[in-house]
Each structure stands twice: as C-alpha cells, then as structure tokens.
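Try each one before reading its solution.

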Amino acid sequence: MDPLTYLVAFFCIGLCIIFDKLRARKVEGVPCSRSFEFFFGTTRHQARTVLKEKKMTWAQYYQNELEQHNFTAFGWGRLGGKRGIVVCQPNDTKSILKTQFANFTKGQNFREVFQDITGDGIFNTNGDKWKEQRITMAHMFNRRQLRDRMSTTFGNHAQDMVQILQDAASSSDPYNIQELFYCYTFDCINMIAFNRDVNSLKGVERDCAFQAAFDTAQQRVIHRFILPWWKISEKYGLSEDERMLKKALNNINQYVEQVVDGYYDEEGNIRDDALQGDQTMTGLFLEAAKEEGKKYDRKFLRDMILNTVIAGRDTTGSALTSCVEYLVQHPEWQDKLAEEAKTCFGGNTQEALTFDDIEGKSPVAEAVFLEALRLNPSVPSNEKIAVKDVTLPSGVEVKKDAIVGWLPMATSRYKGYWGEDAEEFNPTRWMKGKAYDDYMYPTFNAGPRLCLGKNMAILEGKTALLTIFAHFRFTAKKGFKPTHIASVTWQNDHNGMQVHVNEI
C-alpha cells in the first residue's frame, strides 16, 4: 500500500473515533453514563459490576447513574450498537405508561430476551394480543373472587407458615424466611390459578425443584440484556448462562406440561369436563375464551401459566421478604402489626383470616407492605421502545426505535417527591390519608398496563403479615446483610433473609 492509502485509512479511523466519542457524550440529547467507553459503550462496566463482581443489581446500577444525573435521565450504549436512555421524572413515566401509551411498545429485543420464559403471555405482548388477554383476565380479579376464593387460600396457607415457623422458633439457628415466603406465594398461586395443591411449604420435592429452576431461569435470562452475543451462545451452548438456562427451562417445561395436560385431551382440544365447576384463573379464562369462540393451543396455555407464576409467586414473595428486611431494623412496627392482628383475628389466632377480617381493618399491615415495596419494588426497572419520534415532558427528545427505560426504584426514593426521609422505612407516610400518584409510585406499573393483581397482592401480603406477627417476632442474624442479585424481579441470593424466630 502506498503512503497516501495509509494516511487516508488512519484519517478515516481517526474520524470514526472522534465521532464515536462525540456521540458518546449524549444519547437522544441526554448526557451519557460516566462509564461509557469507546467501542464497548457501557457493556464492559455493566458486565464487570453486575455480573462478575456482583456489586449491585441492574436497578441499583441504574439508580447510581440517575443520582449522578440529579434524578433526571441518562444515556447508555452497549457493545453491538444498542443505545438508549433511562428516565426518572414522574411526568416522563406517565407519558410512557399513559398519555403517550400508543407511542411506546415492548420492543423486539425485550420480547426475544424473555421469549423462553414468558413467550406470548401478557407480560411479553403488545397490541391486540395483549389487549385480548387483559380483557379476559380482568374478570378474574373482581371483588367476589378476592372474597370467596383468594382470601380463603391466603388464610389457610398463612396458617401453614405458622406451623413451620414454630419449628424454626425451637432452634437457635438462623432461618431463611425468603424461602418460606416464596413457597407460600407459590402454593397460593397454584391453588388459585390451577387448583393444584402442591404443598411446597411442606417440602414436596418435585415442586421445590421447579422453583429452583424458575429462579435460575430468571437470574440467567436477565444477563442477555448486557451480552450482545447471547443468541450465538444460546444456539451452541457456549456460555454457562445459556447452558444453565437451558437446563432450567427443561425442568420448568416438565412441570408446566403436567398442568397443561389437565386441560387438554389427546387431540389437543380443551376438555369440557376440565372446565366444569372450575373457578380457578385458568378455568375462568378458558371458559370465557370458549364462550367467545376463541381457541388457545397448548403453547399459549404454557405461556399464560408461566406469566401467572411470575406475577403470583415472585412479586409478592419478594415484597414479603423486603418487609422482614425492614421490620428487623424497626421492631416497633412488628409490635404495631401484632396489635393490629389481635383486632383482625378477634382473639382466635388459630383460625385462618378471611377477607372480612382484614378489609378496612388493617391499615398498619397495608402501610408496611406498601412501604417495603416503595423501597424495594418487585420489578425495579422496565423498558419500552419508541415507535415514533416522541418528546417527553422533561424535554427529552426520543427518536423512533430508541430504548427508553424507567426506574420505579429511583422514582420511589427521590427526595424531591418523597421528602428528606425518602431513603428511610417509614410506613406512617401511608397512614396520613394521602394518595400517592401511580407515577410517583409505579411499583404496580400504571396506566393501561396497571397490574391486574394489585389488590390480590396487597391482600395476600396483609394476610401473611398479620398471621405471622400474631405469633412471632424476628431479629436479624448477627452481622447478616441481604445480598441482592440481578434477576427479573427483586431478589436476594441463595442466603435469602436470615432471621432468628421468636415465638410469643
């Protein structure tokens, strides 16, 4: 090559470097993360901090970035060319989730990442497919269902937890209460949604194995957001993440197929006898679909089941674990829960609580539950894709196909909205008669995608808290601090939440 060719080549390379560095300063007009690097974007720093060193979760990583940008917005970029922004202002969140709802959608990347778990279920779909499922499922969360079926299930399984905690109280060893809560919510959602009495609280090995596989799948699939080559790794089994995910999915699908078999005949049609008298979520959904002339195959039911388990097990199990995390730091609220439990139980703590026992009579339990969720949202971060050029209320201009994330964890801890005690556990804020805007507190999502199971989750959480604190007090294991890990939902590592159980 002649010298002129070399000169032109170096000149072009130099221009590319300068252009990329200039572009790295801003994404969609928003200042970039300080960890942005030439070529790698934020991929290398995210992978090292979240995956390798495990210093923090995804949500904590983004929260740190938002703190550095005065809780406004920041841009990021990843190896492979993906770039996007994360916002925090309630008005921006409201724009994404409600006022400009039609302009933001679950993007292809999001759907591909979660396809193995949520498939075409309600959490992973858009447009008519999402709307159709939501309309049908909305009928399953009415007041009558809460009173007649859900409340009874929550009360009975909460009493099962009492028996287990009595054994834990007889030992001086610390007890992992996270595991107990996830079994509680798993048993409840299986009974409510599928009429399956799995008894994971009592240690049925098959169902506990499913839960372990389900946790592994969620922890591994979230890594796909950082690693741009995950599709190749998935195809050829090149990474430990994808190998573990494949193994976990095999265990998950074996379990789900057992549930699906209960509704379909050998020819793939829904069995009439399976729907007769079936008041479960799945039965009501399929019955409504049948009356409307709709037909769903086994794949659809499989996806619906896994979406239901995520919604019914993981979110509330996470919330209850967070409750105990803060209650051991604030034992005075354990006493307040115990006092409220006396009123709700009416003196007989051996009987399961009912809807009428709790409704309108449990402001302390509700305040504790909502406050723990404010600090540790079960789904601490989320994202969508802009389908057209959009300007957010804060002035951020979002171009078509840009990824836009919002962070409930950051919004719910911002002192500008919540006051100087925003980082502190203070359930009293929920007992002053003030109603907080959904976009200041987007823990249950908001707008058209507001969580259908919000009232169910609150009732389940209150039932568990009142039942437990009618019998026990908890203290943290000395020196123990929960380690939060990157997962689809807010979750601690395998050590969970270690406490000493004291029966009163």
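Rings of Phe, Tyr and Trp (its six-membered ring) count as a pair if their centres lie within 6.5 Å. Keep in mind that this is a predicted model.

**Exercise 1. Aromatic rings**

Find out how many aromatic pairs the structure holds, and work out how Tyr 62 and Phe 74 are arranged.

Solution. Start with the count: there are 22 aromatic pairs. Now take Tyr 62 and Phe 74, whose ring centres are 5.7 Å apart, within the 6.5 Å limit. Next comes the angle: the planes are 50° apart. Under 30 degrees would be stacked and over 60 edge-to-face, so this pair goes down as tilted. Then look at where the two residues sit. Tyr 62 belongs to helix α3 (residues 58–68) and Phe 74 to strand β3 (residues 73–77), so their pairing ties together parts that are 12 residues apart in sequence. Both Tyr 62 and Phe 74 are buried.

For a group of rings, go to Phe 186, Phe 210, Phe 214 and Tyr 255: they make up one aromatic cluster.

**Exercise 2. Charges over rings**

Which rings do the charged ends of Lys 336 and Arg 374 sit over?

Solution. Take the lysine to begin with: the charged end of Lys 336 is over the ring of Trp 333, 3.9 Å from its centre. Then the arginine: Arg 374 has its charged end over the ring of Trp 418, 5.1 Å from the centre.

**Exercise 3. A helix checked by length**

Compare the reach of helix α20 with the span expected at 1.5 Å a residue.

Solution. Helix α20 covers residues 454–469, which is 16 residues. From its first C-alpha to its last it reaches 23 Å, close to the expected 22 Å. Now check its cover: 14 of the 16 residues in α20 are buried, and the helix is mostly covered.

**Exercise 4. Cysteines**

How many disulfides does a search of the whole structure find?

Solution. The search gives 0. Cys 188 is buried, at 0% relative accessible area. For Cys 451, the nearest cysteine sulfur is that of Cys 188, 16 Å away. Cys 451 is partly exposed, at 33%.

**Exercise 5. Confidence**

What is the mean pLDDT of the protein?

Solution. The mean is 88, and 90% of the residues reach 70 or more. Now go to residues 17–25, where the pLDDT is below 50. Beyond near neighbours in sequence, that stretch has 13 contacts in the model.

Notes. Residues numbered from 1 in each chain as written. Predicted model: local features only at pLDDT ≥ 70, side-chain atom pairs only at ≥ 80, totals over all residues. Heavy atoms only, no water. Helix = DSSP H or I, 4+ residues; strand = E, 2+ residues; numbered from the N terminus. Buried < 20%, exposed > 50% of the residue type's maximum accessible area, 1.4 Å probe, protein only. Lys NZ or Arg CZ within 6 Å of the ring centre and 35° of its normal. Expected span 1.5 Å × (residues − 1). pLDDT = per-residue confidence, 0-100. Contact = heavy atoms within 4.5 Å. Disulfide = S-S within 2.5 Å.
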